[in-house]
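Work through these exercises with the structure open. Try each task before reading its solution.

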Amino acid sequence: MAQPLFSLDGQSLITPQSVSNNFLSPGQDHQTGLLRTAEAEFAIVISLAMQRFAAGKDLPEAVRWLIGQLHDVRQKCGAAVWQKLIPLIQAHPSAKILQQCPFTRWSFEKPRGYSGDASLIDFIYGHSAVAEEVARSTPLGLDIFEYTINAPGPVAVRERRDILTRYVDDTAARTGSDTEVLAIAAGHLREAEASTALAEGRLKRWVALDQDPQSIGSISSQFHGTRVEPIDGSVRGLLARKHQIGTFDLIYAAGLYDYLTDKVAIRLTQICMEMLKPGGVFLFANFSDEMADDGYMESYMNWELLQRSEADMWRIANASAAENTVDKRVWFGTNRNIIYSTIRKLP
Ligand SMILES: C[S@@+](CC[C@H](N)C(=O)[O-])C[C@H]1O[C@@H](n2cnc3c(N)ncnc32)[C@H](O)[C@@H]1O
């Protein structure tokens, strides 16, 4: 797994440039040949894709094909060459076409100033909060959108949201009316919309921590009067033990570890284990190194993630707490684009 130069926290916002800077070095002239080959491969792929776009027939299928091809080009050319190819793809006229897709455009333009904000994930959830933005799209953009939000990564993200809801509801069923839950990097806390435990008032509190004041504002207004407690806070604050928020039966982080270096991920996991009650569970999710949409996301969407393998997840889980105090698991979601680790603190 490539390690970026940054650590995600409330102050240092993530831009793909910080990832690519890590790979670009002037002494890599020998890669010129590889870059030329990758450029040629991209030229063939995009020319075929543009012909299919121009024909205007079955555009979602044409986008599916393009996304698969970009994954293959990325795999073949290696990380350093791929980083050099990204700006060339972004400068290609095809970018103007693909960025008519509202999801692709939002990711590329980054209205919140960083990658992977909660509104971007709302496109994947098909949430009404982004309906106006979707409605402003061209017919071509909507055709592209039809595939991009049904690509394997977004399918896995919707399953992730449902898994989170299930974990909260199962925890409430297990621990009763004292159930305390913490969501780190909560975004808009969409998983709470389907929670029966929340709807039936069976939770003591569901703390939702995020560094983006707009996400916190959205949670505050939508879940006002429920057991949801939004907190304007950051990973940095948690690492510094700045947030005195007590202990929990369930703590989870989805859409966060994908941006954290191993060092920060391990430290955060250790802190979360300390915040668990005996018998409590910590869950963290990460895009897996088997994900299929990476080439498209990193180029046309300008959205870079740290993908993790099973071994990467185990390395973090194994460093979380003393071996005989926890029960650890690493498992894949249905289409293997997202990988999970659950760590239970033994009673
Ligand atoms: C990809 S969204 C995930 C939202 C939600 N967990 C979900 O699964 O839909 C990432 C969220 O992480 C938040 N975030 C990013 N860096 C953070 C940090 N250092 N501390 C707290 N939250 C952070 C962002 O503000 C954003 O809302």
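The model is predicted.

**Exercise 1.** Decide whether strand β1 is largely enclosed or open.

*Solution.* 
- Step 1. Sort the side chains by direction. Glu-180, Leu-182 and Ile-184 point one way. Val-181 and Ala-183 point the other way.
- Step 2. Apply the cut-off: buried means under 20% relative accessible area. Residues on both sides of β1 are buried.
- Step 3. Conclude. Five of the five residues in β1 (residues 180–184) are buried, so the rest of the structure largely encloses this strand.

**Exercise 2.** Determine how helices α2 and α3 are oriented to each other.

*Solution.* 
- Step 1. Locate the helices: α2 spans residues 32–55 and α3 spans residues 59–77.
- Step 2. Read the geometry. Their axes come within 10 Å and cross at roughly 180 degrees.
- Step 3. Angles over 145 degrees count as roughly antiparallel. Therefore α2 and α3 are roughly antiparallel.
- Step 4. Look at the contact. α2 contributes residues including Phe-42, Val-45 and Phe-53, and α3 contributes residues including Trp-65, Leu-66 and Val-73.
- Step 5. Classify the contact residues: 15 are nonpolar, one is polar and four are charged.

Methods: Residues are numbered from 1 along each chain as its sequence is written. This is a predicted model: local features need pLDDT of at least 70, side-chain atom pairs count only at pLDDT 80 or more; totals for chains, interfaces and linings use all residues. Side-chain values use heavy atoms; hydrogens and water are left out. Buried means under 20% relative accessible area, exposed over 50%, partly exposed in between (1.4 Å probe, protein chains only). Helices (H or I, at least four residues) and strands (E, at least two) are DSSP runs, numbered from the N terminus. Axes are lines fitted to C-alpha atoms, for helices over the stretch in contact, and angles run from 0 to 180 degrees between N-to-C directions. Angles under 35 degrees count as roughly parallel, over 145 as roughly antiparallel, 65 to 115 as roughly perpendicular and the rest as oblique. Contact means heavy atoms within 4.5 Å. Ala, Val, Leu, Ile, Met, Phe, Trp, Tyr, Cys and Pro count as nonpolar, Asp, Glu, Lys and Arg as charged, and the others, Gly among them, as polar.
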